[in-house]
Each structure stands twice: as structure tokens, then as C-alpha cells.
Amino acid sequence: MLKTIQQLWQFRGGLHLEEHKDESTLLPISSIPLPKKLVLPLQQHLGQTAEAIVSKGDKVLKGQKIAEASGYVSVPLHAPTSGTVIDIDNYPIAHPSSMKSMCIVIESDGRDQWIEKHPVSNYESMTPEQLREHIFEAGIVGMGGAGFPSFIKLNPGEEKKVKTLILNGAECEPYITCDDMLMREQADNIITGARIMLRALQAEHCLIGIENNKPEAIAAIQKAASAFSDIEVVSVPTLYPTGGEKQLIKVLTGLEVPNQSFPSDIGIVCHNVATANAIYRAFILGEPSISRVLTVAGNNIETARNLEVLIGTPFSDVINVCGGLINKNASLVMGGPMMGFQIHSEQAPVIKTCNCILARDDNTSHEHHMPCIRCGQCAEVCPVNLLPQQLYWYAHARDFDKIQDYKLFDCIECGCCDYVCPSDIPLVQYYRFAKTEIWVQEQEKQKSDIARQRHEFRNSRLERDKRERAERHKKKLASSDKSDDKDKKQKVIQDALDRVKAKRDAQQANQNNDQ
Amino acid sequence: MINSSPFTHKSINLSSYMGVVVIALLPALFTYIWFFGLGIAVHMLIGITTALVTETIMLKLRHRPAASFITDNSAIITAVLLVFCIPSFAPWWITFIGVAFAMVFGKHLYGGLGYNPFNPAMIGYAMLLISFPAQMTAWSAPAELLGNTPNFISTLQIIFSGSILDTHLFDAITMATPLDMLKTQLGLEQDMKTILAQPVFGIMAGKGWEWVNIAILAGGLWLMYKRIINWHIPVAVLGSLFVMASIFYLIDPQAYISPVVHLFGGAAMLGAFFIATDPVTASTTIKGRLWFGAGVGVLTFTIRTWGGYPDGIAFAVLLMNMATPLIDYYTQPRVFGHDGDKS
């Protein structure tokens, strides 16, 4: 329902970036030809890796579960199409360090044959636990990029009362338009997903925050939400990084999520609009999370557009649908230009969190950056109100205690400071480096603490053993001394007795002689 | 290291950033030439050449990539700012020594651009003022008092040979600055009205000087508009100087210099917009910049009023440079999601 314009708040800093969003919104979302081979990493989410429950050679149907969650922070994985499991091994995945990871590889049989679906339309009569169970079984994770299992975020716990569900449709990064197109084309589904989430959270109302550079999406969502008085669509100013969870919460509610807390601690839960759509599909269509909409964009792409792509599709297949790369050596980025990461293999597969494939000329050359002149432009744009120039100073000096005094771990790595730096310093890279070093140091400290504890325990044990041995020895000595004494005394007594006896014998002998 | 986000960057670099600062000083330079002759232009050339040569030598000695650092324009700024503080008919070696000292001792011995704790131009100025007080206080008289400024040839002669055909010419073309005049005359217990009636004083402050200061103010405002500097430091410097001067002027207008002369008679404008705002040596937090600027203003007033020098901007800035790390530490902003301030 369209409400009266509610008051909006601001976070400090932020950037007005060149949007580059028009290029990819010209064409509607379309699907791509069925890939021959799908590579499915067992780790597509934050948390523990899923465990494969199929083996090489197994035939699988579309939507069939192929990996089981392991541990609480984990979700199952499903086959995106029907075919044969041809391998379970390490394959290159989309990861900043171009690492390989355990994947299930499915060769498509071309039939795209579904397993029996179990749609649920009466979600209104289900309990929050049942709703979460269904969302968990569908393998749904946050599709905005973080990939945190959604059922956990929908489970704030007994003691926390969630008042507000926020749907994040801000999509503040340049180039990315997949949420925009999804909202334009599938607004009703997103609203249904929101209703399911509201019920799972037992929340009072839902705010949908959309940046005002997406008027079509705002109109579509408003229309779809008009029937519900507890869903409010809010057009928010276009300012990077409004799509950051804590930033959007601030803009919509004026509340700041305290540091080291979760939004649910202040009665708010935030989900992406694409996650709402995945939840709609899990219930109404009975389809698990096996596909997503992603944007392919950048000046090295022939036709920028949004595509509905099966999870596991190699990037090269997606790029080919868009006419291929103009410059074959273009750098590929997964995600947006501000927070995405570079991908080194075109064979890396699309995963649940992949919202954008960006192929553009990289205009950053950080190779020879100039020294920091402390101009403070970084601090002006920092949405978290940090002092990036000081953080850089201490990261550069490897002073990892001081850098934490300056709240390094509050940095959301949005890249604003880096973007404005006149000295071209790769600031975010320095912060990532410092964070990693601190984690490593802490792990080592834990290890050395354990080692020290063990060492101290061993020492004290040895000490105790020694002491005990010494005591035993002393006791033994003491007891042996006692027995000697006894012998001596006995001997003395015996001697005395002997003497007395001898005397008596002698007396007796004398008496006998006298008689 | 792997290439990591962000993969996009604002197209501004250090040279253009510093270049804007130099451009902002051009109106002041032309005004200065208009009122005081071409001496400053000659010194500018000497200063900039010295700065670039010294910078190159130091970068070579320090095995730094000379090309990218020389083109950053920071050496030019140091030279330009220092030359503004040197009398226009001073001998050439004053500028040469001052700029070379600023570059070597004020900048490179601390580690070069970004690592110097003190404003290099002010380091050079302080050294010159203490070592060569006679040359550093012989300011040229404004053209309207001379009737005619020395032409280019005689300017060159004065600066390079020191030999002046007309022996009386040098005395005739130099005179005290307004602040200097006020300080000396007030020290002699002259009546304020009599002092201000001297020909050196103009509409609000000193003849010529007031216009140079207005040009500097205009350049400074343009820098703010271009977002190269923020309002905090200039407003804090000029504001605190104005408040201090007003308080004392209101108490005794006969014994204390008026706030308008304080703002337009000396180096207050240059100090507030171009010297105290040097990002490397000033405080970097918002609140810290206000404290830093206020400190500069108060110290300037203190030195001018009770200290040994007629102007005090340079020493005030250097003293506050020393306090910068402390100010920065105690003025950290409240980080998103944290309560209260660090201090």
C-alpha cells in the first residue's frame, strides 16, 4: 500500500556514482539455453559446506536434493536440471583468490525433467517453524550477495521480537539491475514472498526500500503491495551505499544497529527482494533455489542485459548469450565495481549469490600510488564515519592494535574512500590485509595460548610428580627409619631379656650348685 | 597482491588537486604585482626553480621515482607560499636559501610528501626570519605611495646585484608593513589615531595589502567551492582571531589593533586559507580542524599583541602542527553504531 511519504533519515558520507544502469534494462529478463554441464560448488553460502549425497554416475532429476546441509549454518543443494553426476571433485570457482573448491558436476540430459514438486499455497496456516523448515529445505540463501542462510535470518529467537521486515531493493551499486528488473517483472511474487517472511517472523509490517533511480520498479511494487496495509514501499534517495543493510535500516527507520549486534537486536530483519522471490517460488511453485536473475554488463559486453540463469552455469555460457566479450582479455568481476571481486576463470560457475557479471576495462592502476596527504576526503565519504586515512596509516605501519582502536572492524569495505582518494591508494586492500593479519594473529595467539597452557600444565604435572615422588621417598625413608628403631629397641629389649635370662640361668646354676 | 575492489575510481589525482591550489593564488599574485611591482614575480621564478631542482635532487638521493613526485605540484605550492612571505626586493639568495631549506629540512628529511609534520613553507620562513631579519622586514612600499614602481630591469638589478644606482632608492622603495608599523608605534606609545593617519594605511588596513588580502580571500573561497579545502580551518582561524581582536579592541581601542586590520593587514588570509589548511600538517578530523584553526587564530593574536613579531601566522601554524597528532587522537568521530565520543 502506498502510504504518505514517511520521514527518511540519512547516514553520513556516501557517493553519487555514475549509475550505468540504463544499458542493461533495455531488454526484459530472458532465460538462456540449457547448459551442457553444470558445476555446483558445495559451498554457495556463508557457513559450513554442504555434504554431497549423490555419487559419480547417479542419475538426478531437476530439483532433486544432491547435497545435505551440515551443521546449523548450512543449506541443502539441489540439481538445477536433470542429468548424470559425472564428477565430484575440486573445480575453479568464483572466489577472490581464484581457488578451487569441491563441486558436483552434472551433465545435462537435455530433458530438464522435474522431480515431483510439492507446492504449498496455504502458507497462511503454517507455523513459523514450518515456514522456516520449508525455506531451509529449498536451500534459500541471501541473494543480495552475502549468502547467509535465509531460514536463520527468519528465526530471530524466542526473546527477540521483530517488529519490522525490511526488503532491500536499493541496489545501489553501479551497473547491477537484476533486482530492478525482477521488481518490474515479478512484483507480485516478491510481495507474496514478503508475506511469507512476515508470517515467519511474526513481524508487524514490512518496508520495501527502493532507490529513486528505479521509478518503474517502485511503481510495480507499489501496485502489487497496494492490497496490503502492512507493506509500505519507500522510495529512498540514490546514494551509494544505501543498499548496505545497516545503511538502509538507518535511512528507513533512523535507527543505528549497534556495533557487534544484529538488526534483529533492534527488532528489524532485512532481506533482499530476490530472496523474497526465491521464497515465493519455494512455496507457490514448489521449486527449490536452483536459478537466479543476474546482470551481465560492462563496456566489454556486446549486449548488456539481465538473464535468468541456472545455478552452476559456467560464466562463459552466460557471456556467450550476451554476444561474448569485445576484448577477450577484459577483466571479469563478480558483483559490482565497488564491492565485487575479480574472477580469473571464465569456467567458474554462477552461484546463488552471483548478482552480476561485469566485464569492463579496469581503470584502476594502484601500482604506483602516491603518499597519503591526509586530505580527509576519505573520511568525508565514509558511511560508517571512520577515519580511513588513520586506518591506512596504521595498516601501512602494521600497528594492528592501534588500527583496532580506530575501529577497523566496523569497515564495511564499500570502497568509497578508495574511490575518492586523490593519491590512488588502494585503501580497501590495506584494510582487508590488516583484517586478515589480525585474524591470523588471533588464531596463532589462540594456538600459542593452548600450547602455553599445555606446557604449563605439563610443567605443573612434572612438578607434582616430582614432589609426590619426593614425598613418597621421604615417607619411605621415614618409615624405614622407624622400623630400624623398632629393631634396635627390640634388640635392646632382647639383649636385656637375654641378659636377665643369662643372669637367672646363672643364679639357678649357682642355686643348684649350692643345693 | 591480487587486484581487489573497488574497480572504479574518481578521476582526480594529486597533481590536479595541488594545481587547483596554485591557480587559486593567481589573483593574489596579480594583485600583488599591481601594488608592489614585479619583484614577487622574479622571486616566484627563483623559488619555483629552486623547489623543483631541490626536489629532484632529494628524490634521486632517496631513490624515489622522481617523475611522478615532481609532477605532483606540491613543491611548487611550497615555493609559492613561501615567496608570498618574502619582501619583493629581498636579494635572490633569500628565496633560494629559504626554499631549499624548506624542501630539504622541512620536507624530505622527514620522508617527503605526506610525512612532514611541519608546514615546509613555514619552516623555510621561520628560518629566514630568524637568520636574516633585516632582509626579511624590508617590505616594498605600495605603488601609490611611490608614484611609480621600479621597472623590470631595476627590479632585477636590486634582486640580483643588490647594487642600486640611486643609493637612496632602496630606502625609498621599502617601508614597514601595516602591522609592523602599528606594533612599533604602539610600542613607542603613539596615539592610535596618529598612527592610522600614516600614509601606509588604506581604507581598512594597509594600502595595497588590503587588496592582496581580498584577492587571497577570493582564491580561498574558490578553493572551498572546488571542495579542495573545507570551511572548518579558515573559519576557525579567522573567527578566533576576529573574536580575540574584537574583545581587546572593545576594551581599549587605543592600545589594541582593530579586528579589521588583524584580518586584512597581515598574513591572516594567506594563513587561514592556504597555510593552515595544508592537509599533511593540519588536523584531519572535523572537530580537530576546528580546534586546530582556533589554536592558530588565538596564537596569532597572542604573538602579534604580546610577542616579539608583528605577524604571528607562521609561528602559530608551526606550534599547532606540533599539536596535530594529539588533537587528532582526541577528536575521533563517533563511528556508526557506537555510542559517544572517543575522547
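**Briefing on the predicted model**

In chain A, β1(A) runs parallel to strand β14 (residues 305-310) and pairs with it over two bridges, where strands are DSSP E runs of at least two residues and helices are H or I runs of at least four, both numbered from the N terminus, and where two strands pair if DSSP finds at least two bridges between them. This is a predicted model, in which local features need pLDDT of at least 70 and side-chain atom pairs count only at pLDDT 80 or more, while totals for chains, interfaces and linings use all residues. Residues are numbered from 1 along each chain as its sequence is written, and chains are lettered from A and ligands numbered from 1 in the order in which they are written.

**Confidence**

- The model scores ipTM 0.86 and pTM 0.84.
- For chain B, the mean pLDDT (the predictor's confidence in each residue, from 0 to 100) is 88, and 94% of the residues of chain B reach 70 or more.

**The six-stranded sheet of chain A**

- The strand order of this open sheet of six strands is β1-β14-β13-β17-β15-β16 (chain A), and its pairing is mixed.
- Its edge strands, each of which pairs on one side only, are β1 (30-31) and β16 of chain A.
- Helix α3 (residues 178-185) of chain A packs on the sheet, where it touches β13 (291-297), β14 and β17 (356-360) of chain A, and its direction makes about 125 degrees with that of β13(A); axes are lines fitted to C-alpha atoms, for helices over the stretch in contact, and angles run from 0 to 180 degrees between N-to-C directions.
- Within β14(A), A:Leu307 is the bridge partner of A:Ser30.

**Other strand pairings in chain A**

- Strand β8 (residues 100-108) of chain A pairs in the antiparallel sense with strand β2 (residues 37-41) of chain A over five bridges, and A:Leu40 stands opposite A:Ile104 in β8(A).
- Strand β7 (residues 83-92) of chain A also pairs with β8(A) in the antiparallel sense, over nine bridges, and A:Met102 in β8(A) is the bridge partner of A:Asn90.
- A further open sheet has three strands in the order β3-β5-β6 (chain A), with antiparallel pairing; β3 (51-52) and β6 (77-78) of chain A are at its edges with a single partner strand each, so one side of each has no neighbour in the sheet.

**Interface between the chains**

- In chain A, 44 residues are in contact with 32 residues of chain B, contact meaning that the C-beta atoms of two residues, placed from the backbone, lie within 7 Å.
- On the side of chain A that touches chain B, at least two residues each come from β16 (341-343), α12 (416-420) and α13 (427-514) of chain A.

- In helix α10 (residues 152-160) of chain B, the residues B:Thr155, B:Ile158 and B:Ile159 are buried, a residue being buried if 20 or more other C-beta atoms lie within 10 Å of its own, exposed if 12 or fewer, and partly exposed in between, with C-beta atoms placed from the backbone.
- The cover over the buried residues of α10(B) includes α3 (39-61) and α6 (92-107) of chain B.
- A:Glu116 lies in the loop between β8 and α1 (128-137) of chain A, and A:Glu116 counts as exposed because it has 8 C-beta neighbours inside 10 Å.
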